[in-house]
Amino acid sequence: MAKSKNHRQTEGNGELVMGLSDHLREFRNRLAIVLVIFIVALLASFAFSNEIFSALQTLAGGLYDFQVISPSEQFTQYIKLSLLVGACVDSPFILYEVFAFASPGLKSNEKKFLMFLLIAGFGFFVVGVIFAFKIMLPFMLQFFAGFNQSPDIVMNVSVEKYITLCTSTMLTLGIVFEMPVMTLLLTQLGLLKPDWLIKSRRVMIVVIFLAAAVITPPDVVSQVMVAIPMLILYEISVFFSRIVYKQRLKKNPYLAEEEEERLAEEAAVKAAQEAKEAQERAAAARARANAKKAQANANKEKGKQ
């Protein structure tokens, strides 16, 4: 009886080829591992939910009084915190399982790139969350507390609103810090070139400051505090894009030839433009010289008269 296509087969070179059912079974096993770790992390986080919320409370520096406005609010918010913490704890295992599942079908250089992409993505996200937790959130909370100048207004903050503010800020900055990783991926896919990033640097500076103004309180200090790391991330993105693009040029002769032709065309256009500007300057200089000469002759004629 012939073997089913879904069973494992062996190629002529001796490598084992997995069928569809084998892939599905492996995916199920890896998904089960991820879910078990997530459930364990969720339960552990819920057990320490008071401590987690206390850590968030310290960011406010005792400037707020916290309250709940519904019987189930504290419980639901602790569940929300536990879900987020569980997902964060589980994320390295998710990344590993994704790499382990995809790596058998990748070449050696593709495996290295995928591993670097996953590690860098996780690392930049963690840095963004730490930046939000240590720098951005304390400054924002102090700003909002200092904005209240009326003695008739008491700063009683809902637990739900406070947790939402903290978690959304940390997630937003974590995603913003993924800029170099996204640039790396888009350059590798051929959708982005380092020259585009360099040429649009001035525009991106304006866009970054506008984005910082949107996601921060309305004061210059906090906007600059967010804009400066984003500018640094943009320069890191340019650096990563250059490295990846050079590697693509080495591996793809056709792409390298296209790049040489493009650079030669840009150099020719630039040289023609410079020559044209030089001719215009020379013509303007001659016109000024002729005008001075004509003025001098006119003055000379007036002197004779």
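Start at glutamate 73, where a polar atom of the side chain lies 3.3 Å from the backbone nitrogen of valine 159. The side chain of glutamate 73 also reaches the backbone nitrogen of glutamate 160, at 2.9 Å. A polar contact here is a pair of N or O atoms within 3.5 Å; within protein, one must be able to donate a hydrogen and the other to accept it, and residues adjacent in sequence count only if both atoms are side-chain atoms.

Before going on, a word on the source. This is a predicted model, in which local features need pLDDT of at least 70 and side-chain atom pairs count only at pLDDT 80 or more, while totals for chains, interfaces and linings use all residues. Residues are numbered from 1 along each chain as its sequence is written, and side-chain values use heavy atoms, with hydrogens and water left out.

Back to glutamate 73, which sits in helix α3. Helices (H or I, at least four residues) and strands (E, at least two) are DSSP runs, numbered from the N terminus. Leaving out residues up to four places away in sequence, glutamate 73 touches Gln67, Val68, Ser158, Val159 and Glu160; contact means heavy atoms within 4.5 Å.

A salt bridge is a side-chain nitrogen of Lys or Arg within 4 Å of a carboxyl oxygen of Asp or Glu.

Side chains of opposite charge can pair when their charged atoms come close. How many salt bridges does the structure hold? There are three.

In one of them, arginine 30 pairs with glutamate 26, with the closest N and O atoms 3.0 Å apart. These two are four residues apart in helix α1 (residues 20-47), so about one helical turn separates them. Glutamate 26 counts as buried, at 15% relative accessibility.

Arginine 30 also meets glutamate 97 in a salt bridge, at 2.7 Å from N to O. Because arginine 30 lies in helix α1 and glutamate 97 in helix α3 (residues 73-102), this pair ties together parts that are 67 residues apart in sequence. Glutamate 97 is buried as well, with a relative accessible area of 11%.

Then there is arginine 201 with glutamate 235, where the closest N and O atoms are 3.0 Å apart. This pair links distant parts of the chain, with arginine 201 in helix α8 (residues 201-215) and glutamate 235 in helix α9 (residues 220-251), 34 residues apart. Arginine 201 is partly exposed at 26%, and glutamate 235 is partly exposed at 37%. Through shared partners, salt bridges join Glu26, Arg30 and Glu97 into one network.

Helix α1 deserves a moment. It has 28 residues and reaches 41 Å from its first C-alpha to its last, close to the 40 Å expected at 1.5 Å a residue; the expected span is 1.5 Å times one less than the number of residues. The buried residues of α1 include Val34, Ala41 and Leu42, and its buried residues pack against α2 (49-57) and α3.

Next, the aromatics. Rings of Phe, Tyr and Trp (its six-membered ring) pair if their centres lie within 6.5 Å; planes under 30 degrees apart count as stacked, over 60 as edge-to-face and the rest as tilted. By this rule there are 10 aromatic pairs. Among them, phenylalanine 27 and phenylalanine 101 are edge-to-face, 5.8 Å centre to centre with 65° between the planes. Phenylalanine 27 is in helix α1 and phenylalanine 101 in helix α3, 74 residues apart. Separately, Phe53, Phe66, Tyr78 and Tyr162 form one aromatic cluster.

Last, the whole chain. It has 10 helices and four strands, and buried residues make up 28% of its 305 residues. Among contacts between residues at least 6 apart in sequence, 76% join residues at least 24 apart.

Definitions and conventions. Buried < 20%, exposed > 50% of the residue type's maximum accessible area, 1.4 Å probe, protein only.
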